[in-house]
Amino acid sequence: MDELPLVLVHVLPPFEIPFKGRLQSRFQLIDSSDSTFSPHASVLLCVGPAPVSSDTLRHLPSLQCIVGSSAGVDHIDLEECRRRGITVTNAGSSFCEDGADFAIGLLIDVLRRISAADRYVRAGLWPMKGDYPLGSKLGGKRVGIVGLGKIGSEIAKRLVAFGCRIAYNSRNKKSSVSFPYYANICNLAANSDILIICCALTKETHHLIDKDVMTALGKEGVIINVGRGGLINEKELVQCLVQGQIRGAGLDVFENEPDVPKELFELENVVLSPHKAIATLESLASLQELIVGNLEAFFSNKPLLSPINLD
Amino acid sequence: MLNGETPLPQNGHRRNSMAAITGEAEAEAPGVVFVHGSPPFGLPFKDRLLSRFQLIHMSELPESSHVKVMLCMDHTPVTSQTLYKLPSLECIVASSAGVDHIDLTTCRLRGIAVANGSQAFSEDVADYAVALLMDVLRKISAGDRYLRSGLWSTKGDYPLGWKLGGKRVGIVGLGNIGSEVAKRLVAFGCAIAYNSRKKRSSVSFPYYADVCDLAANSDILVICGALTSETHHIINKDVMTALGKEGVIINVGRGSLINQKELVQFLVEGQIRGAGLDVFENEPIVPRELLELDNVVLSPHNAVVTPEAFEAMQELAISNLGAFFSNKPLLSPI
């Protein structure tokens, strides 16, 4: 047991250490609160959104690497990591396709009212009340992708096959990409029928989507969020939806999960999802490989598989 | 409506009746179209038709009608009896995608050309089929139900779904709709194979002459073919057994393409993973057992329903009628 490399695990309920058996056969797993081992640990496995604050990091003076299990890393104090030279890995591409697939699923659901119609049928209303109202065609719509990273790129690739026109907003223009770029998100919204939010949550992108953006998008506009709840001003979103200031929304993430604004439950033009855009059994298997791979790479001084750029 | 006593021109060429309205001398009157069934789309479509053609309804049909073309609205049945009353009929332009409500055998015997509306709908139906599939695999509607009943806060996360990419999709019926479905699923990283009446030489996807073989080599079946006497209940328990317990079935064709009783049994017993169904054998009745299941997505025959599709359908019907009267090839012959 002493020969196995030491990995601190940082996890909070309801989350549990994923694929524990597999990890325990290779590493010695110790909880990050264990004060005997934590000062000596060089690597931390951060499960789910368990926050790694500067306070957490202060108690880990020997830390060199954080292996994250999620795509997002907004729960980790990246500035402090940069300052201390701690590398951080995330879930890499494990989830990108799943996230993209789900965004498209949410989008067509909102446009074509699939979940709403399913509710209608289950309530026995089809024989009683007749056909469900019309939806709206996807093809030909202008889609503005907010954040053209791995997930955004996969979304764009799929939507092109549906006949959509793509434009995007990102921190920087991407030279290898031919889609029109909008440096200003309101301009992107003004020139789009649909906004898909899939960027990282940072100080700069907090509440990126607010009332002004939604007004620019317009009454026929649809918003899909598979990024983080904090990317949208949720209060203003709910207001816009309730007042019919936008056509509808598909939301996988919320500002205060698992709490969801009750007003949304009454609306037929939203599709609500309990944060599972990236959750498939196949991707979990892929994540397992990635986590084990990153840990092994760290301990053998090899390049990490999915380091994030802290600059 | 113009009365049926207006003499019908003998040749195929017609001029726009706007000239007739302005009173200009016209050598030929606009073509007469027999409208079978009432247009459910209200005035705009009727006006557009009237601006180009003379319209005549069943009640105005004289004893031995010379009318050559029928516009069949929605799913109004065209039986052998209907056809008997139209001895000069040469062409039927159907507004819908499916044509199983038309007696095609008699049409074939009499050399009556039939055009359908599927081109106008195919993208919308394909979008819908993909969305139903995504919903079943990733439990979108089920997750939405879960969240709305307040269970996320109390019971925690909803179970994982399954990845779409890399799955083998068998398309049953590679017509307009099937082709659009294939095009989309390729972008998601799926492997496509198909079954059709005949192998298509221009298509590179693997072809299976037997639906059971297709099912045995697929994770997902998407049913988008036409309902005919040969394809009735083409998806039955043998096919579903071949598909296997991890299999998913999406139906955007016609309810009777699937043996519904056997499908329900398979779903209830967990013999297939799930299904997305836009059509049923006896609409609007949906088997009660399905209403209880979380692994099915139920839809009230909506796959074609967008205003844009209706617009496109009207365009297509008018173009087909125009083509007929100018002796040009129909745009969407079946």
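## Domains, helices and core of a predicted model

The centres of domain 1 of chain A and domain 2 of chain A, taken over C-alpha atoms, are separated by 31 Å. This is a predicted model, in which local features need pLDDT of at least 70 and side-chain atom pairs count only at pLDDT 80 or more, while totals for chains, interfaces and linings use all residues. Residues are numbered from 1 along each chain as its sequence is written, chains are lettered from A in the order in which they are written, and side-chain values use heavy atoms, with hydrogens and water left out.

Domain 1 of chain A takes in 6-94 + 280-299, and domain 2 takes in 96-272; such bounds come from an automatic or database domain assignment. Eight residues of domain 1 of chain A are in contact with six residues of domain 2 of chain A, where contact means heavy atoms within 4.5 Å. About 580 Å² is buried between these two domains of chain A, and carbon and sulfur atoms give 37% of that area. Buried area is the accessible area (1.4 Å probe) that two parts lose on being put together, summed over both.

Helices (H or I, at least four residues) and strands (E, at least two) are DSSP runs, numbered from the N terminus. The expected span of a helix is 1.5 Å times one less than its number of residues.

| Helix | Residues | Length | End-to-end C-alpha distance | Expected span |
|---|---|---|---|---|
| α11(A) | 281-299 | 19 residues | 28 Å | 27 Å |

The buried residues of α11(A) include L287(A), L290(A), I291(A), L295(A) and F298(A); buried means under 20% relative accessible area, exposed over 50%, and partly exposed in between (1.4 Å probe, protein chains only). They pack against elements of chain A, among them β1 (6-10), β3 (43-46) and α4 (96-112). After α11(A) comes N301(A), with a positive phi near 55 degrees.

In α7(A), the buried residues include I151(A), I155(A), R158(A) and L159(A). The packing partners of the buried α7(A) residues are α4, β6 (142-146), β7 (165-169) and β8 (194-197) of chain A, together with α8 (176-187) of chain B. G163(A), with a positive phi near 85 degrees, follows α7(A).

The largest nonpolar core has 70 residues, and I155(A), L159(A), I196(A) and L185(B) have the most contacts inside it. Helix α5 (residues 118-138) of chain B gives the most to this core, with 13 residues. A nonpolar core is a set of buried Ala, Val, Leu, Ile, Met, Phe, Trp, Tyr and Cys residues joined through side-chain atoms within 4.5 Å. Beyond its neighbours within four places in sequence, L159(A) is in contact with residues including I104(A), V143(A), C164(A) and I196(A).

C164(A) is itself buried, at a relative accessible area of 8%. Its sulfur lies 14 Å from the closest cysteine sulfur, that of C198(A), which is too far for a bond. Over all chains, the search finds zero disulfides, a disulfide being a pair of cysteine sulfur atoms within 2.5 Å. For C190(B), the nearest cysteine sulfur is that of C224(B), 13 Å away.

In chain B, V172(B) is found in strand β6 (residues 168-172) and is buried at 6% relative accessibility. Apart from residues up to four places away in sequence, V172(B) touches residues including N195(B), L214(B), C224(B) and I235(B). V172(B) and V211(B) are 39 residues apart in sequence, with 7.6 Å from C-alpha to C-alpha.
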